Amino acid sequence: MPGRAWGYWTRGKLDILQRYLDAFTTATKNKAFERIYIDAFAGEPENIDRLTGESLKGSAAIALSIDDPPFTRLRFFEKEDKAPRLKKALLAKYPGRDLKVIGGDCNERIPSELNILREWNRAPTFAFVDPSGMQAEWRTLKALAQFKKGRKWKAELFLLFAAPMFIRTLPVDDGSRVSDVNAIKIDRMYGTEDWLCIYHARLRKEISPSQARDEYLNLMRWRLEKNLGYRWTHSIEVLNEPGSIIYYMIFATDHEAGNRIMRDIYAKAAREFPKMRAEARRLRRQIEYESRGQNPLLDLDDEELYAPVRSDEYFYEHEPPSRPSLCERESTDITELQPGSQLAMPL
Ligand SMILES: C[S@@+](CC[C@H](N)C(=O)[O-])C[C@H]1O[C@@H](n2cnc3c(N)ncnc32)[C@H](O)[C@@H]1O
């Protein structure tokens, strides 16, 4: 059975992952015997580029193929129904490795698995948290951040954050209100109700959709730094082919080397992503033309073939998050969620 089909941005995301993991294990080569890799949303053994049909390794296979030096303990989480296929493929391809595929909701399963790994928590640890929507919960990020409690450095986090997706989930038309189900999902993602201050400012039309998106991203980065204690967070936006942001990739570390390495990798990605996007658009146009029996090279001029990208897409500059300013009250963490309770907050 082929893997899931993805857009060009999947290749971009996985390039960043591969480059960082390579650098991460190399940096620990003479300093550690163990290296741990956690993949909270492990996906399929391979992905298929939906334009070219090419197959590319999924994150699990990428982590397992890092070899100089390799990760020594790898834990992959995936939904119950998809885990067996991943497990079978990985065990066949990487026999003898200390790898485990754990089926079920990663938010439920990660804490107990981290407990089992606790005796090795001296090991440099990297966690990839790559949901396709709003499934990654704050308690999971917190458990990962606390895994190496008492050690010098925390587990590094590489998180896909779909802020634009929940902008679509949060209605702003007159008289509308967010559904309880979605409000609870977002509470769980943030571990706080503070996102409501942004939403309410948006409802009052005090901020634009793009300001709201920036605020949602800022709140997540702020909490990673201030609540979980990461020293640096980096984020880079990822655009779909037409140019809308589909997610942000947030990296959190408290290690100087991690900070420096990911800053360089993000700067390189910022230069490469627009070209990859332009190439994906060109290819899509070509496929459309060919399906109509037209020759794109004869029928399109260069400008149409090579869709322009915004000049500001090419730069990456690290800016720390700022203290969220839209909430008047002190921020509080949610421990027990009461369905609907958060909606009581006045506008
Ligand atoms: C974006 S894909 C992961 C892609 C993969 N990391 C890669 O780069 O090749 C997200 C995956 O998360 C899985 N998933 C969704 N909710 C989950 C949950 N609560 N626990 C574990 N896996 C989940 C989905 O089945 C899907 O395969």
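**Reading the model step by step**

Tutor: Start at the ligand. An oxygen atom of the ligand is 2.5 Å from an N or O atom in the side chain of Glu 78. Keep in mind that this is a predicted model.

Student: How many residues surround the ligand?

Tutor: There are 20. The closest are Phe 41, Ser 59, Glu 78, Lys 82 and Asp 130. Sort the shell by class, and you get seven nonpolar, seven polar and six charged residues.

Student: Now the whole chain. How many helices and strands does it have?

Tutor: Count 12 helices and 10 strands. The chain has 347 residues, and 51% of them count as buried. For the fold, look at sequence separation. Take the contacts between residues at least 6 apart in sequence: 76% of these join residues at least 24 apart.

Student: Which residues have the most contacts inside the largest nonpolar core?

Tutor: Phe 76 and Phe 126, in a core of 98 residues. Helix α10, residues 256–291, gives this core its largest share, 10 residues. Now select Phe 126 and ignore its neighbours within four places in sequence. Its contacts include Leu 17, Phe 24, Ile 38, Phe 71, Phe 158 and Phe 251. Glu 156 is also among them.

Student: Let me try Ile 261. Is it buried or exposed?

Tutor: Ile 261 counts as buried because its relative accessibility is 17%, and the cut-off is under 20%. Ile 261 sits in helix α10. Beyond its neighbours within four places in sequence, Ile 261 is in contact with Tyr 20 and Ala 23. Ile 261 and Ala 27 are 234 residues apart along the chain, yet their C-alpha atoms are separated by 10.0 Å.

Student: What about a charged residue in a loop? Where does Glu 44 lie?

Tutor: In the loop between β2 (36–39) and β3 (46–49). Glu 44 counts as buried, because its relative accessibility is 15%. Look for a partner next. The side chains of Glu 44 and Arg 85 are joined by a polar contact of 2.9 Å.

Student: And the backbone? What should I look for?

Tutor: Most peptide bonds are trans, and most residues other than glycine have a negative phi. Then look for exceptions. The bond from Asp 68 to Pro 69 is cis, with omega near -5 degrees. Pro 69 is in the loop between α2 (59–65) and β5 (73–78).

Student: Which residue has a positive phi although it is not a glycine?

Tutor: Lys 205, with a phi of about 60 degrees. Find Lys 205 in the loop between α8 (195–203) and α9 (209–226). Its relative accessibility is 52%, so Lys 205 counts as exposed.

Conventions. Residues are numbered from 1 along each chain as its sequence is written. This is a predicted model: local features need pLDDT of at least 70, side-chain atom pairs count only at pLDDT 80 or more; totals for chains, interfaces and linings use all residues. Side-chain values use heavy atoms; hydrogens and water are left out. A residue is near a molecule or strand if one of its heavy atoms lies within 4 Å of it. A polar contact is a pair of N or O atoms within 3.5 Å; within protein, one must be able to donate a hydrogen and the other to accept it, and residues adjacent in sequence count only if both atoms are side-chain atoms. Ala, Val, Leu, Ile, Met, Phe, Trp, Tyr, Cys and Pro count as nonpolar, Asp, Glu, Lys and Arg as charged, and the others, Gly among them, as polar. A nonpolar core is a set of buried Ala, Val, Leu, Ile, Met, Phe, Trp, Tyr and Cys residues joined through side-chain atoms within 4.5 Å. Buried means under 20% relative accessible area, exposed over 50%, partly exposed in between (1.4 Å probe, protein chains only). Helices (H or I, at least four residues) and strands (E, at least two) are DSSP runs, numbered from the N terminus. Contact means heavy atoms within 4.5 Å.
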